[in-house]
Amino acid sequence: MGDLLFRDVTLADGRTGIDVLVQDGRIAGIGPSLPAPAGAELVDGGGQLLSPPFVDAHFHMDATLSYGLPRVNRSGTLLEGIALWGELKPTLTQEAIAERALRYCDWAVARGLLAIRSHVDVCDDRLLAVEALLDVKRRVAPYLDLQLVAFPQDGVLRSPNALANLRRALQMGVDVVGGIPHFERTMADGAESVRLLCELAAEQGRPVDMHCDESDDPLSRHIETLAFHTQRLGLHGRVTGSHLTSMHSMDNYYASKLIPLIAEAGVHAVANPLINITLQGRHDSYPRRRGMTRVPELMAAGVNVAFGHDCVMDPWYSLGSGDMLEVAQMGLHVAQMTSQAQMRACFDAVTVNGAKVLGLAEYGIAVGHPADLVLLQARDPVEAIRLRAARRLVVRRGNVIARSAPATATLQLEGRPAEVDWMLPRC
Ligand code: FE2
């Protein structure tokens with residue numbers, strides 16, 4: 001592994017004209033005009049943004065790239081997606097799951113996405129998907145951090161062997177306790193599932209990440225129970241509420257009481273903008289709800305909010321390519337987060353905030369941290385979102401693992417060939 005010296009890059013915190021030196025797989029220096037060690041490969045940053053890698057805080061790698069198997073989701077609803085996944089499950093093989101997951105990991109790396117928390121369904125007694133994704137996790141470890149959540153898709157109480165399977169999955173090496181309280185048969189069962197899963201996590205020293213209130217029902221309030229048990233068991237900072245879409249439809253007075261509770265409990269929130277805007281509001285006529293949780297309000301209260309991709313070409317979603325800038329762009333639009341500070345916060349939601357959800361140690365561009373870096377064809381995080389910027393270079397532990405040509409086009413107008421410049425002129 002040779003040394004690398006990035007010349008003249010911009011960092012996400014706004015510093016410009018910075019050099020970043022990489023030695024022995026770690027960041028060895030950050031500052032203006034660093035001396036180049038003999039033999040170091042020089043990368044001319046040209047003022048472009050050097051970012052830590054993208055992080056996807058919520059994904060389903062066992063279902064990805066299965067679009068159309070055995071059929072497409074006709075209604076476009078969450079519930080038909082779950083039913084469709086149930087039809088697909090008996091036909092799955094470990095090899096097919098692993099092959100699709102590995103293919104998706106290639107897409108992710110090309111997009112500079114180097115850390116993913118994926119839920120894995122544990123309701124199939126064979127635990128094929130668990131075996132497959134544990135194998136994938138080992139195989140991609142040199143270039144991608146894959147964290148797995150034991151996810152009882154059909155309900156830990158509603159599905160006969162789900163709790164036993166979930167325990168087995170944890171023993172096999174799955175990292176995080178999952179749940180889906182809104183899919184249990186009753187509100188009381190949902191609350192009970194939150195209690196028992198939080199206690200299991202506390203017992204085993206595991207983090208928790210529940211699909212929570214993925215519904216348009218304003219009375220789906222399992223996030224309150226999740227925050228309560230987080231506080232009761234002292235799990236602050238180790239618990240994540242994913243989706244939280246019912247908060248979109250809640251009464252404002254109740255939300256004003258709930259959000260401080262989430263903040264006090266140190267519960268992370270994950271919104272999945274592409275999927276929430278697509279699946280929610282399907283029972284509405286007009287006006288049709290957006291369904292994404294209250295991202296700016298949660299952030300303003302001090303809650304760590306990350307964005308997840310959730311699905312790519314599976315029973316729930318027919319698009320996607322592992323591009324967390326697409327996710328950030330959708331989140332920005334749906335939440336109307338259009339100020340400069342809010343747009344930057346959307347970039348954080350697919351980088352540093354996601355790293356906090358996953359509990360990644362040594363994440364970010366700092367001396368001594370592993371050299372995990374993405375050079376983007378943009379001058380700052382807002383421009384990166386606007387352009388869904390090309391990932392010129394993706395670096396993992398000091399090694400270049402992906403390169404992309406710059407996005408460009410040559411105009412043939414009025415006999416004056418010219419390169420398109422997507423940037424606003426600097427004034
Ligand atoms: Fe999900």
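**Figure 1. Lining of the largest cavity.** By class, the residues around the largest cavity divide into eight nonpolar, five polar and two charged. Ala, Val, Leu, Ile, Met, Phe, Trp, Tyr, Cys and Pro are counted as nonpolar, Asp, Glu, Lys and Arg as charged, and the others, Gly among them, as polar. The model is predicted: local features need pLDDT of at least 70, side-chain atom pairs count only at pLDDT 80 or more, and totals for chains, interfaces and linings use all residues. Residues are numbered from 1 along each chain as its sequence is written, and side-chain values use heavy atoms, with hydrogens and water left out. The volume of the largest cavity is about 110 Å³. It is lined by 15 residues, of which His60, Leu78, His211, Glu214 and Trp316 are the closest to its centre. At least two lining residues come from each of helix 1 (78-88) and helix 9 (273-279). On a 1 Å grid over the protein atoms alone, a cavity is a set of points where a 1.4 Å probe fits but cannot get out, a pocket is an open set with protein on both sides within 12 Å along at least five of seven lines, and lining residues have an atom within 4 Å of a point. Points are joined across faces, edges and corners, and a volume is the space filled by probe spheres set on them. Helices (H or I, at least four residues) and strands (E, at least two) are DSSP runs, numbered from the N terminus.

**Figure 2. The second largest cavity.** The structure has two cavities of 30 Å³ or more. Trp85, Lys89, Leu92, Ile97, Asp121, Asp124, Leu128 and Ala129 form its lining. Five of these residues are nonpolar and three are charged, with no polar residue.

**Figure 3. The largest pocket.** The space in the largest pocket comes to about 360 Å³. Its lining has 20 residues, and Leu78, Leu79, Glu214, Ser215 and Asp216 are the closest to the pocket centre. Six lining residues are nonpolar, eight are polar and six are charged. Leu78 and Glu214 also belong to the residues closest to the centre of the largest cavity.

**Figure 4. The second largest pocket, between two domains.** This pocket lies between domain 1 (4-52 + 364-411) and domain 2 (54-358), because both give residues to its lining. The domain bounds come from an automatic or database domain assignment. The pocket holds about 210 Å³ of space. Of its 13 lining residues, Ala12, Asp13, Pro52, Gly364 and Ile365 lie nearest the centre. The lining is made up of eight nonpolar, two polar and three charged residues.

**Figure 5. Aromatic pair Phe54 and Phe347.** Four aromatic pairs are found in the whole structure. Rings of Phe, Tyr and Trp (its six-membered ring) pair if their centres lie within 6.5 Å; planes under 30 degrees apart are stacked, over 60 edge-to-face and the rest tilted. The ring centres of Phe54 and Phe347 are 5.9 Å apart and the planes stand at 75 degrees, so this pair is edge-to-face. Phe54 is in strand 6 (residues 54-59) and Phe347 in helix 12 (residues 340-349), so the pair ties together parts that are 293 residues apart in sequence. Phe54 and Phe347 are both buried, where buried is under 20% relative accessible area, exposed over 50% and partly exposed in between (1.4 Å probe, protein chains only).

**Figure 6. Aromatic cluster of Phe59, Tyr104 and Trp107.** These three residues make up one aromatic cluster. Within it, Phe59 and Tyr104 are stacked, at 4.5 Å centre to centre and with 15 degrees between the planes. Phe59 belongs to strand 6 and Tyr104 to helix 2 (residues 94-110), and the two are 45 residues apart. Phe59 has a relative accessible area of 0% and is therefore buried. Tyr104, at 0% relative accessibility, is also buried.

**Figure 7. Arginine side chains over aromatic rings.** Arg158 is placed over the face of Phe183, at 4.2 Å from the ring centre. Arg221 is placed over the face of Tyr254, at 3.6 Å from the ring centre. The rule for a charge over a ring is that NZ of Lys or CZ of Arg is within 6 Å of the ring centre and within 35 degrees of the ring normal.

Figure 8. Gly68 is in the loop between strand 6 and helix 1, and with 29% relative accessibility it is partly exposed. Its C-alpha atom is separated by 31 Å from that of Pro142, 74 residues apart along the chain. Ser249 is in helix 7 (residues 246-249) and is buried, at 17% relative accessible area. The C-alpha atoms of Ser249 and Leu219 are separated by 8.7 Å, with the two residues 30 apart along the chain.
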